[in-house]
Structures are given as structure tokens and as C-alpha cells.
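Hi everyone, thanks for making time this morning. I'd like to walk you through a structure that may be new to you, so let's bring it up on the screen.

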Amino acid sequence: MTGSRALPPPPPASSPRPSLRERWARRQPAAGAAVMATGIVSVGLHLTKHETLSRVALVMTAVAWAALAADFAARLVLERERWLAQARTPGAPTAVAATAVLGARVSALGRPAPAEALLALAAVLWPVLLATAVPRWRRGMPGSVFLSCVATQGLAVLGAALAREQEAAWLAHTALVLFWLGLALYCAALPLFDPRQLTGGAGDQWVAGGALSVSALAGTELLKADGGGLYLWNADDAGVLRTVTVALLVLDLAWYAVLLACEVRRPRPHYDVRRWATVFPLGMTAAATLSVSDAVDVPWLERPGEVLLWIAVTAWLAVAAGAAVRVGSAVRSRAPR
């Protein structure tokens with residue numbers, strides 16, 4: 001029409017940032033490493049008699065585990081294809097490992113019933129997740145390839161601890177089988193691990209060492225189970241188990257030194273959810289060192305174990321702060337302007 005002016009074109013639609021719900025839906029299976037990391041820090045604090053801090057960490061572990069368990073169950077029922085896709089990733093056994101770590105800490109409270117329930121749940125999940133994840137291993141894998149070993153050794157830790165408390169020899173012998181199977185899985189995964197992850201990984205490369213530390217912890221629990229009303233291993237068997245446990249700790253500390261040197265050489269300070277998979281091996285190495293000190297009567301290891309624990313606590317605080325900043329940024333991005 002005469003005298004009319006054309007309306008200006010509408011501004012281009014900006015793509016909205018994902019909401020917290022969308023971010024949660026896209027989270028990686030390895031997010032369960034936050035439960036593992038917090039749980040093992042709680043175990044370490046318990047071993048060093050910092051009981052109040054240990055229980056605070058335990059509560060956080062239980063809350064995070066409950067949230068992830070509810071999400072796991074919801075996906076299994078409502079989003080079967082997405083659940084299967086995630087179950088085929090090398091990080092899938094995190095669910096078993098996180099459940100076992102929580103169970104081990106609950107067992108240390110003298111609460112066998114919930115610890116047994118967690119062991120039963122982890123034992124049901126374990127063959128399913130390993131059967132879907134392990135056949136898809138290939139060369140050039142990230143550090144999460146070692147999570148199958150971690151999950152298996154986590155079952156061994158919890159099983160041996162409950163065997164000692166319940167005086168159940170069958171459970172101790174089952175834990176011993178899982179211990180050796182976990183080592184076999186580690187040996188199978190090691191040639192597939194991409195060594196470039198040492199300087200370029202986002203955090204889960206530390207599981208290469210953490211799998212050895214949880215194996216050493218499983219060895220100490222098996223040694224401790226041979227007492228009280230149980231007589232599980234003869235002198236030769238106990239000697240082999242003790243030697244293997246100490247060797248695992250030495251190899252774990254060697255990995256620790258290599259991984260730390262790689263971090264110094266090429267720092268990666270930005271937050272990534274896989275950094276929880278760094279905190280877990282740090283805490284597990286501390287717990288394994290403290291446990292080996294007690295199980296094989298090497299008192300001088302106690303002080304290094306305490307130092308390693310506070311390094312793990314510091315790393316936990318740093319990663320938790322990074323996660324809080326990330327969540328805060330997501331909240332602000334969704335706030336009305």
C-alpha cells in the first residue's frame with residue numbers, strides 16, 4: 001500500500017542453551033565416577049579416623065548414588081535404546097563400581113544388611129554390563145577401558161569385607177575368584193589403552209593406575225578375611241596373596257608418578273566430568289596404601305597414605321568447585337532476562 005513501510009525482518013532465532021534437565025539427559029555414563037570418588041574419599045577419611053568428615057562424604061555419596069540409580073532405572077524402563085547405547089560404552093561398568101564402593105563404606109559402619117543389598121545389586125549388574133561393554137573393546141581405548149577391572153575388584157573388596165564380618169567362607173572364596181578375574185581383565189585391557197591419553201586424556205586416563213589400587217585394596221581385604229572364625233588360606237596361599245598385593249601397590253604408585261608427571265608436562269585445568277575419574281584413583285591409591293600398611297604390617301606406609309589422602313581431598317574439592325561453576329552457569333543461562 002502507498003505510504004506503508006515494510007516491516008523489518010525478524011531477528012534470527014538464537015539457539016537456546018540446554019537446560020539442566022537436558023544436560024542431565026546427555027550426561028556420560030562415567031558421571032558415576034563422582035559417586036566412586038566421593039565414596040573412596042569417605043573410606044580414606046574413615047581409615048585415618050576423620051569420622052565426621054567421612055560420614056559427611058558418605059551422605060553425599062549415598063544421595064548421588066540414589067539419583068544416578070533412579071536415572072539408571074528410568075532409562076532402562078523408558079528409554080531402552082539409549083540405555084543399551086550407553087551400556088555398550090567402556091564406562092558402563094561404573095554403575096557396578098559405584099555401588100560396590102558405597103557398599104564397602106556402609107559395611108565399615110557395621111551395617112551388613114544394606115551392604116549385602118548393595119552387593120547383590122552390583123552382582124546382578126556386573127555380568128550384564130561386562131557382557132555388553134567388553135566385546136566392544138578395540139585398540140586406542142581411553143582410560144575407561146579399565147573400569148571393567150575396577151568393577152570386578154570392587155565386588156571382590158565388598159565381598160571379602162562382608163565375608164569377614166559374616167564369617168562366610170564361600171563369599172571369601174568367591175571374592176578371591178573375582179580378584180584374579182579382575183587382574184585378568186586388567187591385563188586384557190592394558191594393550192588396548194591408547195598411551196596418547198597420558199598427555200591428552202580428559203581425566204579418565206588415571207583409571208589405568210586406579211584399577212591397580214583397587215586390586216591392591218581387594219588383596220588386603222582378602223588377607224584380613226583370613227582370621228577370626230575363618231581359616232581360608234594356608235601359609236603358601238597367604239604368602240602369594242601378600243606378595244601380589246604389595247606388587248600391585250608398587251605398580252600403582254609407579255603409575256601415579258607417571259600420570260602426575262604427564263599432568264605437569266601438559267596441564268589440563270579446565271573442568272570435565274571425567275575429572276571425577278581422576279579423583280577416584282587418587283583416593284583409591286591413598287586407601288590402598290593405608291590398607292596395605294595395616295594388612296602386611298608395614299607401619300611406615302601410614303604417613304604416605306595420609307599425604308596421598310589429603311591430595312585426593314584437595315582434588316575432590318577442586319573438581320567439585322568446577323562442577324558447581326558449571327551448574328551455576330547453566331542456571332544463569334536459563335534465567336529470564
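**A first look inside**

Buried residues make up 51% of the 337 residues in this protein. Please keep in mind that what you see is a predicted model.

Let's move to the cavities. There are 2 of 30 Å³ or more.

The largest cavity holds about 50 Å³ of space. Its lining has 10 residues, and Ala33, Thr94, Leu147, Val207 and Ala277 are the ones nearest the centre. Helices α2 (33–47) and α12 (276–295) each give at least two residues to that lining. By class, the lining of the largest cavity has 7 nonpolar residues, 2 polar and 1 charged.

The second largest cavity has about 30 Å³ of space. Which helix supplies the largest share of its lining? That is α11, with 4 residues. Helices α10 (207–225), α11 (235–265) and α12 each contribute at least two. If you want to find this cavity on screen, look for its lining residues, among them Trp206, Asp252, Trp255, Tyr256 and Pro281. This lining divides into 6 nonpolar, 3 polar and 1 charged residues.

Definitions and conventions:
Residues are numbered from 1 along each chain as its sequence is written. This is a predicted model: local features need pLDDT of at least 70, side-chain atom pairs count only at pLDDT 80 or more; totals for chains, interfaces and linings use all residues. Side-chain values use heavy atoms; hydrogens and water are left out. Buried means under 20% relative accessible area, exposed over 50%, partly exposed in between (1.4 Å probe, protein chains only). On a 1 Å grid over the protein atoms alone, a cavity is a set of points where a 1.4 Å probe fits but cannot get out, and a pocket is an open set with protein on both sides within 12 Å along at least five of seven lines; lining residues have an atom within 4 Å of a point. Grid points are joined across faces, edges and corners, and a volume is the space filled by probe spheres set on the points. Ala, Val, Leu, Ile, Met, Phe, Trp, Tyr, Cys and Pro count as nonpolar, Asp, Glu, Lys and Arg as charged, and the others, Gly among them, as polar.
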